Amino acid sequence: MSKESKIDDLLFVIRTNMKRIRKEKGKTLQQMSDELGKDPSYLSRMEAGKKKLNFDIIDEYAICLGVDPFDFFLPSGMVVKDENNPMSIKAFGDGVDLSTIDMETLEKWKKQ
């Protein structure tokens with residue numbers, strides 16, 4: 001698997017979570033636009049993968065939504081963190097070390 005496809009998969013997870021969490025928080029693109037000072041069409045294209053992400057916008061989104069930016073990097077439903085190990089999360093009842101997530105596991109999470 002190429003480096004680009006791994007990055008694309010990670011970006012898919014981040015974008016999906018940004019949109020999912022925004023909707024869970026009850027925020028519209030217009031509300032996000034007003035709070036972030038960005039055009040709503042830009043935010044829509046960014047969430048859809050048509051505009052590049054950068055760490056600044058990830059951080060701004062997290063602040064606006066009142067979440068940890070790390071939450072955008074977790075596949076959907078994986079938000080329970082181990083307080084003693086910041087690189088460990090709980091998923092499907094098991095602890096998962098983020099440094100060992102493989103592409104097969106990521107593909108399963110994308111299908112949920």
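This section describes the overall make-up of a predicted model and then the packing around helix H2.

The protein chain comprises 5 helices and 3 strands. Read along the sequence, these elements follow the order α-α-α-α-β-β-β-α. The chain has 112 residues, of which 32% count as buried. Among the contacts in the protein chain with a separation of 6 or more, 51% are accounted for by residues 24 or more positions apart.

Two packed helices are described by the angle between their axes and by the distance between the axes. Helix H2 spans residues 29-36 and helix H3 spans residues 40-47. Their axes are 8 Å apart, and the two helices pack at an angle of about 115°. That angle makes H2 roughly perpendicular to H3, and the crossing of the two is right-handed. On the H2 side, the contact is made by Leu-29, Gln-30, Met-32, Ser-33 and Leu-36. On the H3 side, Pro-40, Leu-43, Ser-44 and Glu-47 take part. Sorted by class, the contact of H2 with H3 has 5 nonpolar, 3 polar and 1 charged residues.

Ser-44 and Ser-33 are separated by 11 residues in sequence and by 9.8 Å in space, C-alpha to C-alpha.

Helix H2 also packs with helix H4, which covers residues 55-65. The axes of H2 and H4 come within 11 Å and cross at roughly 110°; H2 and H4 are therefore roughly perpendicular to each other. In H2, the residues that meet H4 are Leu-29, Met-32, Glu-35 and Leu-36. Their counterparts in H4 are Ile-57, Glu-60, Tyr-61, Cys-64 and Leu-65. By class, the contact of H2 with H4 has 7 nonpolar, no polar and 2 charged residues.

Arg-22 belongs to helix H1, which runs over residues 3-24. At 5% relative accessibility, Arg-22 counts as buried, because the value is under 20%. Neighbours within four places in sequence aside, Arg-22 is in contact with Asn-17, Lys-27, Thr-28, Leu-29, Met-32, Glu-47, Tyr-61 and Leu-65.

Key. Residues are numbered from 1 along each chain as its sequence is written. This is a predicted model: local features need pLDDT of at least 70, side-chain atom pairs count only at pLDDT 80 or more; totals for chains, interfaces and linings use all residues. Side-chain values use heavy atoms; hydrogens and water are left out. Axes are lines fitted to C-alpha atoms, for helices over the stretch in contact, and angles run from 0 to 180 degrees between N-to-C directions. Helices (H or I, at least four residues) and strands (E, at least two) are DSSP runs, numbered from the N terminus. Angles under 35 degrees count as roughly parallel, over 145 as roughly antiparallel, 65 to 115 as roughly perpendicular and the rest as oblique. A crossing is left-handed if the near helix is turned anticlockwise from the far one by less than a right angle, and right-handed if clockwise. Contact means heavy atoms within 4.5 Å. Ala, Val, Leu, Ile, Met, Phe, Trp, Tyr, Cys and Pro count as nonpolar, Asp, Glu, Lys and Arg as charged, and the others, Gly among them, as polar. Buried means under 20% relative accessible area, exposed over 50%, partly exposed in between (1.4 Å probe, protein chains only).
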